[in-house]
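Welcome! Please take a look at the model first, and then read on.

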Amino acid sequence: MSDVSMSDVSLQSIQAESAEPDQPVSCPVNSYNSWDPLEEVIVGRLEGATIPPNHPVVTYNIPRQSARWLKLVGGMPFPFWMINQAQKQLDEFIRLLEAEGITVRRPDQINLSARFKTPYWSSSGLSLMCPRDGFMVVGNEIIETPMPWRSRFFEAYAYRSLFKEYFAKGARWTSAPKPQLLDSLYEKDYSIPKPGEPMRYVINDSEPVFDAADFMRCGKDIFVQKSNVTNASGITWVRRHLGEQYQVHEIQTQCRTPMHIDSTFMPLAPGKLLINPDYIDPNQLPAMFKSWDIILAPQPQPNPSNLSKYTSQTSSWISLNVLMLDEKRVVVERQQTSMIQTLKDHGFEPIPCPFYHYQTFGGAFHCATLDVRRRGTLQSYF
């Protein structure tokens, strides 16, 4: 007779079940800041990119010369030759990341030109070029954001296959309340405030809306700016959702048309902060930055694209939109020679990469990526 008891058999069965290969072994999502060593990243797509439909929340957030032609061509696909130019630079950027040993993931292609509607309004889509706007990774959690551009309402669907995979392997996956984006969210009589006038925004607080690109993560401290795409109600939602483990601090900007903090305020490494001197007064930074090295971004070089003056959806300060691969290595637009030298002067190792054609579509290296996994843990840097 066997010496193995029934209790031993039960224990062995439990152990065998716990060792099944389809059980999560380690979570693939882990990111608390912008500088821990980057291991896996989602990079956006240009295929099918569509010109933003004409709408106040769009036209007041992009350069005036570009906003003028939205009434004529908004909702139409970008010309193929424009996409092709930017695609070549995007491919080079992806090759650079992979050569550095970073896993690159891509969203699915979806039909962005098809019109869709809710019970309240209809729109066409936009593009998949800026995953940084629609999603925020905090630790092992992916948060889908309630963006106020109607053209981006279903953009998250292109990332569903990736997020389902991450969820199956242990990631947390949350979506903020899906916004209604009613006409009442947008200020009818809005005008851009002049210097010296009280700040006002094209959106109000009738429901929580925000873009993740208005938040910068520094471990237990997260910095945000109120903007034309992120309202106070959205900031409150993030604070309540993240709870007491994180502190969310609001940064004051002097920009009259703020949208996305990653061309204004960029923590690059522990103790080193890059700021836009036109938008941020270093003397008005929170006191917690007194011991940090505050790096004033140099005036940006002009975009060499002949079309950028008329079609670019970004300001010239997109030069700050860099991507840290770790605490030293940083991907920078190759044309921004002054920025490259400034970063070298402060101990960084810039990796130049051409990206100026991509910028025409509305973003640069930080916008074009969502860091899924960085090798690090939750810490406080203050």
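Strands here are DSSP runs of E with at least two residues, helices are runs of H or I with at least four, and both are numbered from the N terminus; two strands pair if DSSP finds at least two bridges between them.

This is a predicted model, in which local features need pLDDT of at least 70 and side-chain atom pairs count only at pLDDT 80 or more, while totals for chains, interfaces and linings use all residues. Residues are numbered from 1 along each chain as its sequence is written, and side-chain values use heavy atoms, leaving out hydrogens and water.

**Inside the sheet**
- Strand 15 (residues 329-333) and strand 16 (residues 349-353) run in the parallel sense, joined over 5 bridges.
- Between them the chain passes through helix 10 (residues 337-345), and this β-α-β crossover is right-handed (with the strands pointing away from the viewer, the path from the first strand over the helix to the second runs clockwise).
- Arginine 329 stands opposite glutamate 349 in strand 16, and valine 331 stands opposite isoleucine 351 in strand 16.

**Cavities**
- The whole structure holds 4 cavities of 30 Å³ or more; a cavity is a set of points on a 1 Å grid over the protein atoms alone where a 1.4 Å probe fits but cannot get out, and lining residues have an atom within 4 Å of a point.
- The largest cavity has a volume of about 160 Å³, where volume is the space filled by probe spheres set on the points, joined across faces, edges and corners.
- Its lining has 16 residues, with Thr145, Met147, Arg152, Phe153 and Lys178 nearest the centre of the largest cavity.
- The second largest cavity has a volume of about 90 Å³, and its lining residues include Ser34, Arg132 and His366.
- Strand 5 (135-138), strand 8 (215-218) and strand 17 (369-374) each supply at least two residues of that lining.

**Confidence**
- The protein averages a pLDDT (the predictor's confidence in each residue, from 0 to 100) of 90, and 88% of the residues score at least 70.
- Over residues 1-24 the pLDDT is below 50.

Notes:
1 Å grid on protein atoms, 1.4 Å probe; cavity = no way out; pocket = protein on both sides within 12 Å on 5 of 7 lines; lining within 4 Å. Contact = heavy atoms within 4.5 Å.
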